[in-house]
Amino acid sequence: MLKCVLVIASLIITSSFAQHNLPPKEQWLTLRGEEPLVIARGGLSGVFPESSPFANQMALVSGLHNTVLYCNLQLTKDAVGICLTDLRLQNSTNIEDVFPGEHKSYNVNGKIIKGWFSVDYMSRTLFNKLLMIQSVLSRPSLYDGTLPIAAVEDVMGIKPTQFWLNAEHEAFYAEHNLSVSLYLQKALRMMRINFVSSSEIGILKGISGSVNKARTKLVFRFLEATEIEPTTKKTYGVLAQELPMIKTFASGILVRKEYIWPIGQDKYVQPATTLVMDAHKLGLEVYASGFANDAIVGYNYSYDPIREYLQYFDNGHFAVDGVLTDFSPAASQAVACYSSFRNNGKPQPGLEQALVISSNGASGDFPGSTDLAYQRAIDDGADVIDCSVQLSKDGVPFCMDMADLLTGTTVVTSFSARTTTIPEVQSEAGIFSFDLTWAEILTLKPQITNPFMASSGLARNPAFKNKGKFMTLPEFLEFAKAKAVSGIMINIQNAAYLASKKGLDMVGTVSTALINSTFDKQSTQQVFIRSDDTSVLSFFKAKFPNFIRVLTVDTKIGDAPKDALEEIKRYAEVVAIPRGSIIEITNYFTTGLTKVVAEIKASNLSVFVYVMRNEYVSLAFDYYSEASMEISTFVDYFHVDGIITEFPNTAKRYMTCPCRPTQLNPNGAPYIIVPPEIGLLMKMVAPEAKPPTDPPLPPLDADDVIDPPLPAVVETSATNPSGVADGPAAATPSAAVSNVANLFPSLLSVVVLNFFISHFCIVIINTH
């Protein structure tokens, strides 16, 4: 059965990935100056059950050529070695269902552990009766009960370039007439094992005399600093200070990553220890463990696993010799594509460059629409920074994601009595900007948004949750000019409601601010006007024909009929669509793709996709809990023209990556980041385990595209700021208006050309 599964997995998987060769050598700060190793813990165990056939196959075909397969050794009653998470079989198999009443309690290194143990079963029973399950509840469970247990020989049978065997619990196995040391000595004679690790000094010393040091490295594995090592009875924290002694029997150490970059009680990364440099001085290699894209790590990393990997081997001071990870593709990309050796932050020649557009600045790192968020967006390389304009009760325009201040400010602490429900704006109750004066708004503090805090406990940068300064629209425009960003996007919401019910002239206020900041005259920075209201876009089309207009489709669609797109072309040159309109997802698995992007592009319109986030809970399993993989899919498979993101750094880093699949010479690349085949992971699920698919998404309706003309601004007692127009300006015929449609497919070329004029650099952008 196992061989059959391996063959099937190979047929499915190898057709979807390019072969990856070792990158050229550079002078890394590892012990020997070589690139760090990627060690796949149980294969791609972040998606599949650890050490299952699918997990091991996927780790090899989606990682670097020299990816190391890691097996946690357990021994059966008849001394057969199997690869499982730990001693307790219920953590990685369905044994509780197969043998429900056979759990036991054993003393393991001084601790009483309850469960089902491999020492109580013959190997044939485990191979014939048990199936694997995922040991982490937040990971896919649809493969549970479909994949067999793998023997050590099974893993070696798929011929990994390198193999790592981790062995523990010598005393426990001895009580059951089994010997870890004897098993290892026999295995080393019969198989090519490149690494043997253990957290027990006695095991390593016991086999050191029979190990060919030129072929196999012995590695001492550190557990938690407060735990006791069985042989010396010392804590691992104490042993970390005794590296010279460890060097007498081991060539390297495997430590939890916190031994190197500690995490403080506030969940921020602390200054590095000297452990790596101390070990390297003694000639000990250092391997770091505990990497998982779907783990909650230091807030410094912004839920970006690539950033965390780089901290360990591309920090300018030291580099670990390898990383033990549940997600080997991400580690492979970090080594081959994102290190300072390979990614210089400049666009690769000949590659199309989707625009990186901020969403309220870098709102994943700082409170949105604040000076801190905009500055971070620029520092991260955003091509376009955005301002969603809201109006105060007295007509002051300022940047804020929504008119409802509950999300982005501390308004509830001071003005809860002004909570109202306005169906024309949103279905939920809120406290709205147009019900507070600007002076009142300035008494508030910004507040970072935490979209996944309630559901998953994922907080964003809490030390800065209320930092930053609100920016008026004129301040934002002057900021953008001073920073020489290549473009700005002005998002206009609720214009009709504000005019008819509040006496506030949104389009007039915005146009006045743009004129006062001379954005209507300068040619070095492109202006995008974004709205879900075609009447707003129509106003700006007449008044500012050189501005690029973006229509927001705020619901997911499954089709974009030609008649609807022809209507859109009367008002906009770009369509911004939710990412769910491009890829269909069921139970966090991609299941299909729509033709929406292709249909929009065929109508000579460009496509922006929104909104991208780093948090793994926002991603389909197919992306391996890594936002870069989702970006790769949208940019290099669907060829969208812009990415609207709360984390500009992640998107920009991919744009300048030398491993993109669309590059001119992919065979010369150190690695190719291949967008996942849509629906592949679901195809690998057993038919009986597949969930029902979601109903098809509705098409874009031409009748829903067109909005009625903007109403006149009603007279109210509110005071308008001086210089704000009283209403929308009349449309003025202009030859430029009729030529706007001809801008495409050169939309991105316009933006980059403008940027070139002011910065003397050329970026080649190809839209489709």
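Throughout these legends, buried means under 20% relative accessible area, exposed over 50%, and partly exposed in between (1.4 Å probe, protein chains only). This is a predicted model, in which local features need pLDDT of at least 70 and side-chain atom pairs count only at pLDDT 80 or more, while totals for chains, interfaces and linings use all residues. Residues are numbered from 1 along each chain as its sequence is written, and side-chain values use heavy atoms, with hydrogens and water left out.

**View 1. R41 and E50 pair in a salt bridge.** A salt bridge here is a side-chain nitrogen of Lys or Arg within 4 Å of a carboxyl oxygen of Asp or Glu. For R41 and E50, the closest N and O atoms are 2.8 Å apart. E50 counts as buried because its relative accessibility is 3%. If you search the whole structure, you will find 33 salt bridges.

View 2. Helices (H or I, at least four residues) and strands (E, at least two) are DSSP runs, numbered from the N terminus. E224 has 41% relative accessibility, so it counts as partly exposed. R256 is also partly exposed, because its value is 28%.

**View 3. R579 and E630 form a buried salt bridge.** Their side chains come to 2.6 Å, N to O. Elsewhere, salt bridges with shared partners join R41, E50, R139, D294 and D326 into one network.

**View 4. Helix α12 is mostly covered.** Seven of the nine residues in this helix (305-313) are buried; they are P305, I306, E308, Y309, L310, Y312 and F313. Look around them for their packing partners: β10 (285-291), β11 (322-325), α13 (328-338), α24 (627-636) and α25 (648-655).

**View 5. Four acidic residues make a negative surface patch.** The members are D563, D701, D703 and D704. Patch residues have over 30% relative accessible area and no salt bridge, with like charges joined within 9 Å and nonpolar side chains (Val, Leu, Ile, Met, Phe, Trp, Tyr) within 5 Å. D563 belongs to helix α22 (residues 562-569), and its 48% relative accessibility is why it counts as partly exposed.

Key
Areas by Shrake-Rupley, 256 points an atom, 1.4 Å probe, with all protein chains shown as cover. Lys, Arg positive; Asp, Glu negative; His and termini not counted. Charge placed at Lys NZ, Arg CZ, Asp CG, Glu CD. Contact = heavy atoms within 4.5 Å.
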